[in-house]
Amino acid sequence: MAEHAAEVTPLRTDERTDGRARVLIVAHGHPDIDRGGGEVAAYAQHRLLNGSDRFTSVFFARHDEPWPVHPGTVFSGTGRAAEILMHSRTTDRFLFRQDDERRVWREFREVLDAVRPDIVHFHHYLHLGLELLAEVRRWSASVPILMTLHEYHAICHNDGLMVRTRDADLCDRATPARCAQCFTGRDEQDFTLRERYIKAFFEHVDRFVAPSRFLADRYTDWGIAPGRITVMENVLPPEAARPEASAAPAATNETTWTTGMTGTTGVGERAGTAGRCEPDVAPGRCRLAVFGRLSDMKGTPLLLEALALLPRGTLDRLEMDIHGTGLERMPRRTRTRLVRAVRRLGPAVRLQGAYRQEEMQRLLDGVDWMVVPSRWWENSPVVILEAKRHGVPLITADIGGMAEKVVDGLTGWQFRAGDARSLARTIERAVTCGPRHAIMAAHAARDWRPDEVAAAHLALHDSARRLGERRHADAVAPPGANGRDGTDGAHGTTTATPIDRAA
Amino acid sequence: MINRTAWRRQLYREGKRLLGPERMARLRTRSFGLGRRLARQGARGRDALRGRGRRHWLSGVEIEWVDGSGVLLTGRLMSTGGALEAASLTLGGGTPLRIEMATGTGAGAALVRFETREDRRRRDGIARGFAVLVDVPAREVRGLRDAGAAQAESGYRLRLTTGSGTVTATGRLPDPAALGYDALGRVRAILERVPPHRDGRRALFDRAFGPAIERLWNEHRAGTAPVDGECVRYGDHPPGQRHATSVIVPVYGRCDFIEHQMAHFAFDPDLAGVDLLYVVDDPRLHVRTRALVERLSRSVDLPFSVLYLTRNSGFAAANNAGARHARGADLLLLNSDVLPGERGWLSAMYASVDGRLTGTLLGARMLYEDGTLQHDGMRFEPADSHEGQWLNRHPGKGLPADLFPSRREAQPRQAVTGACLLLTRRDWDALGGLDEAYLLGDFEDSDLCLRARAAGLDIRLCTDVSLFHLERQSQSLVAGARWKDLLTYYNCWYQSRRWNEQLASLTGPPAHG
């Protein structure tokens, strides 16, 4: 039997001589495959932890693509170290159950055994199954479980949007009765069961992380004790190194050439942002950009409606670039209507199609305003962080996570959510705000504090590690031969010694 | 209104006249739903099928010789009146052979009942498929042979007695003398008759399909000489040269891997003195391989040999044939889609056992192209999906290799893959090589490891090498068809049955706790 213990022996904690704690990041997708905000944030956190001297991190993500899946295993790699992909298809969006229970007790357990994490940090349960939370607890009673909440899926069955299904009205609290109104096929008791089922699994989580205060409040209202939630901004992936040497001269040449051709003097396409939006005098147009998936909830139709409401003179003085995909997923009629609306607006508005996260820096070059016209609450949109990183002031809706991230009149303007006329007025105001733009840009840039965010995330994991060590020491039973920790008192310990508030 | 049955019957008759009976037989399995069933039945069966006033039907009966002394019968029985009580089979004009029920203890023959997908749709009775392997006494076979010489083919009569009476199926019996060629094709024909559902499959294999294939394959092996072929040497082979290691690489499906391997082997000092032998187990590839290796022999200094086998005979036979031609003191079995990540892998393998290879079967860790584990040893596990039969599991497969530290010393394992397996010539001979009872390349390696364990040898794995195994490349050449999956099932069944006790004693708590 000793032979079996010797088979495929992953590193044990005590064998890791560097003294770094190992974190297992569990994400519902890999940014290589799905570029959602949650995936990007999870992966950025993985990179941040791995870059520190206190932690090593393993990134575990699920996918359901026909990605290179090897015969005889659900796992595959990305070609980079410490990244695991698991193939899994789940369809349950009501109770978030894993369709194939073997993914839980066999494959995910195999990952836990191989990685032997000191901390497990979930970034979602969607597509993965809530059972994974319980499986971690079954595997070890002492390992701390963290969970970053990215949307409102646990609270709201409508895709986690907290928007009513009938009239797309914003919803601020979920009760079984209200939820039953949204879904005719299900009654109040279904939603009671759902809530209690999800909360039963959430019991295993030692600390929740909310990227916005708004989101934390929603979960507090829903029944998570305020002391269990830490508000902490998402980590943004580091900027891709720009090929300065080759790109910069090329841009200059192009500018010169363009200027020469059109005969304008002085201000070219790529001039600095200062003075771009001065009324009457600016020869260059004011540039606005929207990033993200094109959809009703993300406010694409709303934006086009607002642009159509602008007086002709204003429209002539701006350029609006709409970046992102999603057209192909729309019903044909919606798509046609949208494309027609864009065409009617003339050359000022363009659909730019797909973009990559690494391009953001280049795409934001020379952009004067970023618009976030979402019709739902949002949480902490990646694009807002990107805008701040590049010192671009924002125009956002005045609700939820967006309102929290933008100070009206300082780092951007807010408009009344879902109101096209209000958005039109705000755009007009932004286009004609003159030198104030430069001040707001400076404020936006000052609001970008990556070091603070990184420090907070590391501190969170530090305290999680301390919790794990404390529990380990408290455990009456000595660790099992296979690295399984003591099995008693799991829940008692969980609630008795919460992680220190890191933020 | 058109009489559909009459119309189909006429269509079938016309088809047989135009296309010939053989093509029509193939066609009808697809398109002549009713015609197919009718064609297989005698006049009685036809009545039975219509079910006029009857309470049981017998349909879809097929009969096949397994070897010179056994026939495999499959079909469907539907009965509304009680369970099956007795069965008998009459071949030609011989005496009825009694078929033992599955519950009975009678030797040789057994009747297993199974439900097919078609049966499930019928709700008005208990419909059961059945498979039965019937031993035919030698005198019966002789009688049939004589009769066959006289009238070209004879008939059979199957009688099944249920609680509600007796039902009979009659039909033509293939001539036992016409068997003998294309054993694999006959295995395939048998496997294609295995019902699609998985529950109860093990019993079917235990009692009918498994022994049928085993007998067929054994008879085939007994009647054929071991595969061999022309062994051509390329490059500079000094006479009387002694080799430490022979590297045996079977080639099947595609030969371009040779070129890829050569690109890595050519300048690897470890490979300089080895006896590199490619075994082309695929006559379709002979011409292409010759062209390729003649080109290679001019551009690569590494001498090598190619053994052109005269027929495709599977992984085990190809390696065994290669081993007979190999001249080294040690043998390294290597798949053609295994590529080294860097030089020095062969000496690392030897170093992991401190050069003392005797008494050890040494495997190697292999990776996928994305840096995850492809092979890190095998572990036997009883699988629910196979009704408790033993499957070879690959722990860690698909997970990043950097999670599993490598060590210089070879690590013990339950079994290792034959895709890269190093052992001494003496141990190989003592074990008798790979067992050719497995069909087409599956489970021979674990079987070899189990035999080695029984003989007191060590199974170890060298984790300190970097080899890539593009497993999918070679598997996609054979996988996909249903009968191939069933062939794997058969191999699994064979291994489980043969090694059940040893496997049960071998497997303790799972390695990962």
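Is B:D354 buried or exposed? B:D354 counts as exposed, because 10 C-beta neighbours lie inside 10 Å; a residue is buried if 20 or more other C-beta atoms lie within 10 Å of its own, exposed if 12 or fewer, and partly exposed in between, with C-beta atoms placed from the backbone.

The views below show a predicted model, in which local features need pLDDT of at least 70 and side-chain atom pairs count only at pLDDT 80 or more, while totals for chains, interfaces and linings use all residues. Residues are numbered from 1 along each chain as its sequence is written, and chains are lettered from A and ligands numbered from 1 in the order in which they are written.

View 1. B:D354 is placed in the loop between α12 (345–352) and β15 (360–367) of chain B, where helices (H or I, at least four residues) and strands (E, at least two) are DSSP runs, numbered from the N terminus. Its phi is near 55°, a positive value in a residue other than glycine. A:A168, which is not a glycine either, also has a positive phi, of about 55°, and lies in the loop between β6 (145–148) and α5 (176–182) of chain A. With 15 other C-beta atoms within 10 Å, A:A168 is partly exposed. B:R284 is found in the loop between β11 (275–280) and α10 (286–299) of chain B, and B:R284 counts as exposed because it has 12 C-beta neighbours inside 10 Å.

**View 2. Helices α9 and α15 of chain A.** Helix α9 (residues 300–309) of chain A packs with helix α15 (residues 420–431) of chain A at an angle of about 60°, their axes being 8 Å apart; axes are lines fitted to C-alpha atoms, for helices over the stretch in contact, and angles run from 0 to 180 degrees between N-to-C directions. α9(A) is therefore oblique to α15(A), since angles under 35 degrees count as roughly parallel, over 145 as roughly antiparallel, 65 to 115 as roughly perpendicular and the rest as oblique. On the α9(A) side, A:L302, A:L303, A:E305, A:A306 and A:L309 meet A:A420, A:R421, A:L423, A:A424 and A:I427 in α15(A), where two residues are in contact if their C-beta atoms, placed from the backbone, lie within 7 Å. By class, the contact of α9(A) with α15(A) has eight nonpolar, no polar and two charged residues; Ala, Val, Leu, Ile, Met, Phe, Trp, Tyr, Cys and Pro count as nonpolar, Asp, Glu, Lys and Arg as charged, and the others, Gly among them, as polar.

**View 3. An open sheet of chain A.** Six strands with parallel pairing form an open sheet in the order β11-β10-β9-β12-β13-β14 (chain A), two strands being paired if DSSP finds at least two bridges between them. The edge strands, each pairing on one side only, are β11 (349–353) and β14 (412–415) of chain A, and the twist averages 20° from one strand to the next. Within the sheet, strand β9 (residues 286–290) of chain A pairs in the parallel sense with strand β12 (residues 369–372) of chain A over two bridges, and A:L288 has A:W369 in β12(A) as its bridge partner. Helix α13 (residues 382–389) of chain A packs on the sheet and touches β12 and β13 (394–397) of chain A, with a direction that makes about 170° with that of β12(A).
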